[in-house]
Every structure is written in structure tokens, then in C-alpha cells.
Amino acid sequence: AEVDLMLSEESVSFLAPDPRTRYMEVTLQPDSPAAGKTVAELALPRTAVLVSIRRGRELVLPRGDTLVQAGDHLTVLTEDVAAAGVRALLEKSTTN
């Protein structure tokens, strides 16, 4: 069935990204410091929100107890000033 969605002008402006924020997509590698942790254990800054996890063909809406796994594709909404720190929390460690 087809569904029509009516958006008010206020709704549309809310959906438009704020110039101080960005969406980031990160694919967790097996050696990512985030792999195997729950969302709560990630300790993302308060200026970042894990929006979704794409796991294979499944879309997961994350909660604090959701486990993130290697191979997951994470979508994060974050303020620009926190983007580098968020990426460092999620991507593989560069230290040996």
C-alpha cells in the first residue's frame, strides 16, 4: 500500500542538517576498539548520537545495550567539533 506523508514547513526545516553537524558512516573493522562493546560502553560524547546500525540486510535501531560488531555499518550524527574524536572511538587503532 502506498502511504503519503505530509510534512509541514517546520518538519522539513527540522530534517535539514544543521551546518554545525554532520552524519558520519563508519564500518567497524575486526580490530576496531568499538567491536564487541555495547553502545553504552562506547562512551560517545554528548554531542554525538548513534542513529543506526546496518548489519548485513538488517537495520538495527540502537539502544544502550545493543552490541556493535565487526562489519557493522554505523551512522552517527555528530557536531563537527566532535567528529574526529568519534571517528577515533570507532575506527581501528593505529597503535601496535
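Begin by selecting β2 and β3 (residues 58-60), which pair in the antiparallel sense over three bridges; strands are DSSP runs of E of at least two residues, helices are runs of H or I of at least four, and both are numbered from the N terminus. Two strands count as paired if DSSP finds at least two bridges between them. The model is predicted, so local features need pLDDT of at least 70 and side-chain atom pairs count only at pLDDT 80 or more, while totals for chains, interfaces and linings use all residues. Residues are numbered from 1 along each chain as its sequence is written, and side-chain values use heavy atoms, with hydrogens and water left out.

Two residues lie between the strands, and Gly-56 takes a positive phi near 65 degrees.

Strand β2 (residues 48-55) and β4 run antiparallel and are joined by six bridges.

Now centre on Thr-78. This residue is buried, with a relative accessible area of 1%; buried means under 20%, exposed over 50% and partly exposed in between, using a 1.4 Å probe and protein chains only. A polar atom of the Thr-78 side chain lies 3.5 Å from the backbone oxygen of Thr-47. Leaving aside neighbours within four places in sequence, the residues in contact with Thr-78 include Arg-20, Arg-22, Ala-83 and Val-86; contact means heavy atoms within 4.5 Å.

Move along to Leu-74, also in β4 (residues 73-79). At 1% relative accessibility, Leu-74 counts as buried. Select Val-26 as well: the C-alpha atoms of Leu-74 and Val-26 are 5.2 Å apart, although the two residues are 48 apart in sequence. Beyond residues up to four places away in sequence, Leu-74 touches Met-24, Glu-25, Val-26, Leu-28, Leu-50, Ser-52, Ile-53, Val-68 and Leu-90.

Finish at helix α3 (residues 83-90), where the buried residues are Ala-83, Val-86 and Leu-90. They cover an arc of only 65 degrees around the axis, which puts them on the same side of α3; the arc is that of the directions from the helix axis to the C-beta atoms. An α-helix has 3.6 residues a turn, so residues three or four places apart point the same way. Ala-84 and Ala-88, on the other side of α3, are exposed. To see what covers the buried residues of α3, display elements including β1 (21-27), α2 (39-42), β2 and β4.

Notes: A polar contact is a pair of N or O atoms within 3.5 Å; within protein, one must be able to donate a hydrogen and the other to accept it, and residues adjacent in sequence count only if both atoms are side-chain atoms.
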